[in-house]
Amino acid sequence: MTRNRAGDGRDSLPTFSRRQTLRAAGAAAVGTATALAGCSTGEAGSDATPTDGETGGTGESNGTRTGAPTESAEGAQTETTEGAQTESAETETPDEEWESWFGPTDNYDGFADRTGEAEVTVMVGADGIEGPHAYEPTAIRVSPGTTVVWEWTGAGGTHDVIAEDGSFESELVADEGHTFERTFDETGTTKYFCTPHRAMGMRGGVVVEE
Ligand SMILES: [Cu+2]
């Protein structure tokens, strides 16, 4: 009941952040349910609170207010806090930057190693993000001189391939079999995205390395 109410209240948020928030809310709800063990006081309290933007804060205050006697609840809170602090402390590593770039990208699972290949194909409009709105593979490592060929599947409407740094941009098309290619001669990193689906996570990355 509580989750449904909270979900209705978030309908105005962008799709990806609502999903992430719900994920976090789900985790918090599980933790709270365990700690409270059926205590209805805490749930009534959160229902009466109009702000649902800070689920974590609500969960913590519930645990504190009801004085949940279990040591495990405190332990869980400590771990969560430490983890968050560690992540935010490392602000300028490349990994952190990529994690941020691919935050809403459901099919991101690290960089596929395609080094040593002269030509690499990336499908445009692959299944992965609320239907066919993904690049696949969405992140690749290649060697200098590699030609990356983006090939449209024809699914998911119109897509394009736009470098965030402005170094290249494809046509915006929906045609199955359409291709766009670029040869990466220099080492470095390039983020790119699909204009219509960038917000939902249709984003890609190319790392060129020796
Ligand atoms: Cu797209």
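1. Contact here means heavy atoms within 4.5 Å. On that basis, and leaving aside neighbours within four places in sequence, F180 is in contact with V148, V149, W150, W152, V161, F168, E169, S170 and E171. The model is predicted: local features need pLDDT of at least 70, side-chain atom pairs count only at pLDDT 80 or more, and totals for chains, interfaces and linings use all residues. Residues are numbered from 1 along each chain as its sequence is written, and side-chain values use heavy atoms, with hydrogens and water left out.

2. More on F180. It sits in strand β7, residues 179–184. Strands are DSSP runs of E with at least two residues, helices are runs of H or I with at least four, and both are numbered from the N terminus. F180 has 13% relative accessibility, so it counts as buried. Buried means under 20% relative accessible area, exposed means over 50%, and partly exposed falls in between (1.4 Å probe, protein chains only). From F180 to E151 the C-alpha distance is 6.8 Å, although the two are 29 residues apart in sequence.

3. Now the copper site. The protein donors are H159 through ND1, C194 through SG, H197 through ND1 and M202 through SD. They lie 2.0 to 2.5 Å from the copper ion. Donors are N, O and S atoms within 2.8 Å of the metal (3.2 Å for Na, K and Ca); water is not among the atoms, so sites may look incomplete. Along the chain the donors follow the spacing H-x34-C-x2-H-x4-M.

4. Geometry of the site. The 4 donor atoms subtend angles of 95 to 128 degrees around the copper ion, which makes the arrangement tetrahedral. For four donors, that label requires all angles to lie between 85 and 135 degrees.

5. H197 and M202 are both buried. H197 has 10% relative accessibility, so it counts as buried. H197 lies in the loop between β8 (188–193) and β9 (203–208). Beyond its neighbours within four places in sequence, H197 is in contact with H133, G156, T158, H159 and M202.

6. The sheet. It is open, has 5 strands in the order β1-β4-β9-β8-β6, and its pairing is mixed. β1 (112–113) and β6 (162–163) are the edge strands, each pairing on one side only. Two strands pair if DSSP finds at least two bridges between them. β6 and β8 run antiparallel and are joined by 2 bridges. In that pair, I162 has F193 of β8 as its bridge partner.

7. How does β9 pair with β4 and β8? With β4 the sense is parallel, over 4 bridges. With β8 the sense is antiparallel, over 6 bridges. A139 stands opposite G205 in β9, and T190 stands opposite V206 in β9.

8. Burial of β9. Because 6 of the 6 residues of β9 are buried, this strand is largely enclosed by the rest of the structure. Both faces are covered. R203, G205 and V207 are buried on one side, and G204, V206 and V208 on the other.

9. R203 is worth checking in the viewer. It belongs to strand β9. Its relative accessibility is 12%, so R203 counts as buried. The R203 side chain reaches two backbone oxygens: that of W101 at 2.9 Å and that of R198 at 3.1 Å. A polar contact is a pair of N or O atoms within 3.5 Å; within protein, one must be able to donate a hydrogen and the other to accept it, and residues adjacent in sequence count only if both atoms are side-chain atoms. Outside four places in sequence, the contacts of R203 include Y135, T138, Y192 and F193.

10. T190 lies in strand β8. With 9% relative accessibility, T190 counts as buried. Not counting residues up to four places away in sequence, T190 touches several residues, among them W98, A163, F168 and F184.

11. Nonpolar cores. Such a core is a set of buried Ala, Val, Leu, Ile, Met, Phe, Trp, Tyr and Cys residues joined through side-chain atoms within 4.5 Å. The largest has 20 residues; Y135, W150, V161, F168 and Y192 touch the most other members. β2 (119–126), β4 (139–142), β5 (146–152), β7 and β9 each give two or more residues to this core. A second, separate core of 8 residues includes W98, W101, F102 and Y108.

Note on methods: Four donors count as tetrahedral if all angles lie between 85 and 135 degrees; four count as square planar and six as octahedral if opposite donors are over 155 degrees apart and all others between 65 and 115; anything else is irregular.
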